Amino acid sequence: MAIHPIEYRYGTDEMKFVWSEANRLEKIMKAEAALARAEADIGLIPKEAADIIENSIGSVELERVKAIEDEIHHDMMAVVLAISEKCEENADKWVHFGATSNDMLDTATGLQLKEAVQILEAKIHKLLDVLLLQADTHKNLVCAGRTHGQIGVPTTYGLRFAIWASEVARHIERLEQLKPRLIVGQMTGAVGTQAAFGKDGIEIQKRVMEYLEIGSVDVSNQIIQRDRHAEFVMWMANTVTTLDKIAVEFRSLQRSEIAEVEESFRKKQVGSSTMPHKRNPIKSEQICGLARIVRAMIEPELQNNTLWDERDLTNSSCERIVFPEACVLTDHIIKLGIGVIENLRFYPENIRRNLDLLKGLNMGEAVMIELAMRGVGRQEAHEIVRSSAMEAHETGAHFKDVLLENKEVANYLSEEDIINLVDPDKYIGTAVEQVEMVVAKLKRN
């Protein structure tokens with residue numbers, strides 16, 4: 001019986017598999033096999049035993065492991081016994097030799113995180129691609145900029161997408177930087193001293209991680225320190241928050257009275273059970289809602305780093321939830337974001353309508369700057385424009401007409417000057433050049 005929405009509503013099959021019981025068991029057994037090989041390399045256990053252990057793990061079944069755990073109430077020891085059952089010629093006595101549970105569990109987590117990161121990397125690069133495409137496509141699409149929810153001077157849709165693309169590029173950079181800290185394993189024994197491995201503990205750990213193709217901790221106690229994992233969870237929270245921000249903007253711009261952009265809406269899609277006309281931004285809303293869950297994982301994972309002495313068990317149960325949920329939902333959110341951005345529908349006529357909505361008032365800065373350039377003090381120019389803007393606002397007249405009637409303005413600006421200054425298409429600064437620069441810098445070949 002499915003209970004959690006991740007089981008039936010959210011997430012991709014590839015990310016869910018990473019955190020499945022079957023994949024978890026496989027990774028634990030790979031760590032056990034790598035340990036046996038490393039120990040055989042330095043002569044701690046017989047090579048024949050290592051070969052048998054490695055060949056035996058393929059026949060271990062999840063159901064048997066769970067049955068043993070039901071009897072002994074220890075998940076890692078259940079795996080050890082299940083492997084041992086499959087070993088012949090006394091090789092069973094060398095399974096898990098010198099190791100503690102978390103040598104296997106944390107190393108298996110490192111292997112799972114490697115797979116999860118590979119999935120997230122592919123998607124976030126795709127996200128960057130679609131943002132850059134929208135930025136380049138709409139670099140000349142002038143629209144109303146807004147601050148405090150109010151229309152300000154013009155901007156372009158291309159610049160908006162370029163800003164978001166730059167942010168996503170920083171997330172990609174952060175992920176690349178944190179990977180060496182995150183994707184690691186350990187073989188350090190009961191409290192981190194490697195005493196059970198003898199003088200060759202450091203070499204055993206080195207060889208195990210080389211076999212598994214992941215990094216190795218320098219030091220640890222009984223577990224890998226959770227600052228590594230907390231950094232990754234915070235990365236996921238940061239990444240989905242960017243998508244949350246983008247989705248909030250789309251939701252606002254899709255408001256009926258703004259209607260500049262819209263999520264794709266399928267031919268047979270239903271927007272409301274009672275209001276047949278509705279075209280709701282449900283995917284953007286889902287992004288915003290699920291981002292809250294991922295952000296909520298930060299505090300638990302930070303607390304998983306504050307354990308008693310060489311370790312306790314409070315992190316374990318917590319992480320069984322944090323790692324799968326955060327990774328599955330982050331992957332899901334990025335996939336949703338790609339779809340929304342890729343299929344976004346633009347309404348140029350509404351974009352222009354909103355750009356002209358204030359009858360030129362949003363061009364006050366352009367007039368002020370020009371007056372200042374022509375000899376009026378900047379503060380005096382500000383007051384001239386402000387008073388003219390308030391008059392236009394109160395009377396409903398077009399800002400251009402109020403300026404044309406202003407004698408102070410007439411001393412410095414001609415009618416042609418004023419007409420040009422209140423044209424929003426002529427006041428976007430270097431927006432196009434900035435977009436082109438970002439696209440050239442971040443676009444993949």
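User: What is the handedness of the crossing where α10 passes α13?

Analyst: In this predicted model, α10 passes α13 in a left-handed crossing.

User: At roughly what angle do the axes of the two helices cross, and within what distance do they come?

Analyst: The axes of α10, residues 227–253, and α13, residues 314–342, cross at roughly 30 degrees and come within 10 Å. Angles under 35 degrees count as roughly parallel, so α10 and α13 are roughly parallel to each other.

User: Which residues meet there?

Analyst: On the α10 side, the residues include Phe-232, Val-233, Met-236, Leu-243 and Phe-250. On the α13 side, Val-322, Phe-323, Ala-326, Ile-333 and Ile-341 are among them.

User: And by class, what does that contact have?

Analyst: The contact of α10 with α13 has 15 nonpolar residues, together with four polar and one charged.

User: Changing topic to the chain: how many helices and strands are there?

Analyst: The chain has 20 helices and six strands.

User: What share of the residues is buried?

Analyst: Buried residues make up 50% of the 445 in the chain.

User: And what share of the contacts links residues 24 or more positions apart?

Analyst: Such pairs account for 76% of the contacts in the chain with a separation of 6 or more.

Methods:
Residues numbered from 1 in each chain as written. Predicted model: local features only at pLDDT ≥ 70, side-chain atom pairs only at ≥ 80, totals over all residues. Heavy atoms only, no water. Axes fitted to C-alpha atoms, helices over the stretch in contact; angles between N-to-C directions. Helix = DSSP H or I, 4+ residues; strand = E, 2+ residues; numbered from the N terminus. Parallel < 35°, antiparallel > 145°, perpendicular 65-115°, else oblique. Left-handed = near helix turned anticlockwise from the far one by under 90°. Contact = heavy atoms within 4.5 Å. Nonpolar A, V, L, I, M, F, W, Y, C, P; charged D, E, K, R; others polar. Buried < 20%, exposed > 50% of the residue type's maximum accessible area, 1.4 Å probe, protein only.
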